[in-house]
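Morning, everyone. I have one model to go through today. Let me put it on the screen.

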Amino acid sequence: MKTRLGMVYVVLAMLISCTDELKENDGALFAVSSEIELQKEKPTAENSLYEGDLYRFYLNGEIETTDLEIAALQKLLDSGKDEADTKEKLQKAFAYRAGLKVELGKIQDVFIGVKPPRPPCPKPRRCDFDFDFGIAPGGAENLDIVIRDSKGTAYGGTTGGLGEILQPKGGSIVFKSFNLKKFKGNGTVAVKYTDSAGKTREYEFNYNPE
């Protein structure tokens, strides 16, 4: 009988000890749970806006505009008007287009999980910019994206500090939170990006969110 009572006391002591330990670590348990929830909110292929896609879109738009300029200058040259001045402008236009194509070839694609980030602006040029994060290749020093309406009022873009995370397929990406208020009418997208070598590029283009 004494042996059985002794066992009961031991079990009760263990239960009380475990209960006290859970109470002491209660905050830690909730902290871990919160951390797990926060980890769900991170860049993915579906919720991220890749700066390289924005730059690619901008460059293709510049190439289209330059092609139109080249065609107009070639037509003017063929007519024999202002031949010397037109030749100089045509050479500059060809050189500018060549430079744009070189820049296109430098864009580094990033992959999050299996799929790459979706293009931001399929033709016709409509963008809802329904993203949670702006991202760039790992090691980048800066990423600022600002969305403005036709009057110049800022309606959103990247916010907060720059974070960096490792990717399952190797390498890493840097990211900032992205927030945008809904608005109607035409707007502009202004981007400032500094790569890991400290080289900065700034560009801007128009878009229609409707």
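Which residue forms a salt bridge with R56? D53 does, and the closest N and O atoms are 2.8 Å apart. Keep in mind that this is a predicted model.

Now, where do these two sit? R56 and D53 are both in helix 3, three residues apart, so about one helical turn separates them. D53 has a relative accessible area of 10%, so D53 is buried. R56 comes out at 24%, so R56 is partly exposed.

That pair is a salt bridge, and the structure holds eight salt bridges.

Take K87 and E83. Their closest N and O atoms are 3.4 Å apart, and they form a salt bridge. They are four residues apart in helix 4, so again the separation is about one helical turn. K87 is partly exposed, at 41% relative accessibility. E83 is partly exposed too, with a relative accessible area of 42%.

Then E103 and K106. This salt bridge has its closest N and O atoms 3.3 Å apart. Both residues lie in helix 4, three residues apart, about one turn of the helix. K106 is exposed, at 53% relative accessible area.

Methods. Residues are numbered from 1 along each chain as its sequence is written. This is a predicted model: local features need pLDDT of at least 70, side-chain atom pairs count only at pLDDT 80 or more; totals for chains, interfaces and linings use all residues. Side-chain values use heavy atoms; hydrogens and water are left out. A salt bridge is a side-chain nitrogen of Lys or Arg within 4 Å of a carboxyl oxygen of Asp or Glu. Helices (H or I, at least four residues) and strands (E, at least two) are DSSP runs, numbered from the N terminus. Buried means under 20% relative accessible area, exposed over 50%, partly exposed in between (1.4 Å probe, protein chains only).
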